[in-house]
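Here is a short briefing for a first look. Please keep the sequence and the 3D view open as you read.

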Amino acid sequence: MRKKLIIGNWKMNFNMQEASLYLHKLMNTLPSHRDVEVVLAPTILTLQSLSLQINRRIAKLAAQNCYWRDSGAYTGEIPAAHLRGIADYVIIGHSERRYIFIESEKDIRLKVQAAIRNRIHPILCVGETIQEKTLGETKDVLADQLTSGLANVTADELDEVVVAYEPVWAIGTGDSAKASDVKKAIQMIRRHISHLYGKKAAESVRVVYGGSITSINAADYLAIDELDGLLVGAASLDAYQFKEIISKAHKG
């Protein structure tokens, strides 16, 4: 049985002091579960200092974004190469990056490749909007985003990738998806990866769900056989609630 992967995306929350205090509290109260891998995604300004404070036997770090060039005249960007040794993961193609910052499929594809090139696990986010869901286009949207995001990723490199299904309509809205709908979407994702890479790769790739997750509904998602974990947003800002989710993944 594979480890459950629980990722806490802090988004644009916690300054340096707040992040340090939160991490201190978590490290002192969260037991190390062999069957659960915990990952925290703080803001970029706090990432390096937290990398010196964190106990990596208990939790690891993720960057919320990166740039695909390793160096050059790209003012304000953070290259994946600079995250190496600090972050073990990087979130790529989050719905907020796609729809607020208008990141293209090309941008996302190149970022996935940059992460792998720099030995960082990319967390590739895919998911449909409410309009696409209403029109019955979920399968096509997921297929297109996976095909583009994983372009030029080899079968061996796919082992380094985490796919996060996060329907846009459920991100930060409180309108969480039904477990049955998530199950269907995860099956769509695995079937498409099987089409691209074969059945063995489809079974081994890690797939997580993100979208208005709380300590109350987490167990429903974790009970899905095809699901490897959760990408938690607002609930990860509450240490008590986040630990409850981790505990449910452990007991799960």
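R117 and D70 form a salt bridge, with their closest N and O atoms 3.2 Å apart. R117 sits in helix α5 and D70 in the loop between β3 and α3, so the pair ties together parts that are 47 residues apart in sequence. This is a predicted model.

- R117 has 45% relative accessibility, so R117 counts as partly exposed.
- D70 also counts as partly exposed, at 31% relative accessibility.

**Helix α5**
- Helix α5 covers residues 105–117, which is 13 residues.
- At 1.5 Å a residue, helix α5 should span 18 Å.
- Which residues of α5 are buried? They are I108, L110, K111, V112, Q113, A114, A115 and I116.
- What covers these buried residues? The cover includes the helices α3 (80–83), α4 (95–99) and α7 (138–149). Strands β4 (89–92) and β5 (121–126) are also part of the cover.
- Just after α5, R119 takes a positive phi of about 60 degrees.

**Salt bridges across the chain**
- How many salt bridges are there? The count comes to eleven.
- One of them joins the side chains of R206 and E37, at 3.3 Å from N to O. This pair links distant parts of the chain, 169 residues apart. R206 lies in strand β7 (residues 206–209), and E37 lies in strand β2 (residues 36–41).
- Are R206 and E37 buried or exposed? R206 has a relative accessible area of 15%, so R206 is buried. E37 is buried too, because its relative accessible area is 12%. The cut-off for buried is under 20%.
- D88 and R56 also meet through their side chains in a salt bridge, at 2.8 Å from N to O. Their positions are 32 residues apart, and the pair links distant parts of the chain. D88 is in the loop between α3 and β4. R56 is in the loop between α2 (44–53) and β3 (60–63).
- D88 is partly exposed, with a relative accessible area of 25%. R56 is partly exposed as well, with a relative accessible area of 32%.

**A salt-bridge network**
- Which residues are linked in a network of salt bridges? R2, R190 and D228 are linked in this way.

Key: Residues are numbered from 1 along each chain as its sequence is written. This is a predicted model: local features need pLDDT of at least 70, side-chain atom pairs count only at pLDDT 80 or more; totals for chains, interfaces and linings use all residues. Side-chain values use heavy atoms; hydrogens and water are left out. Helices (H or I, at least four residues) and strands (E, at least two) are DSSP runs, numbered from the N terminus. The expected span of a helix is 1.5 Å times one less than its number of residues. Buried means under 20% relative accessible area, exposed over 50%, partly exposed in between (1.4 Å probe, protein chains only). Contact means heavy atoms within 4.5 Å. A salt bridge is a side-chain nitrogen of Lys or Arg within 4 Å of a carboxyl oxygen of Asp or Glu.
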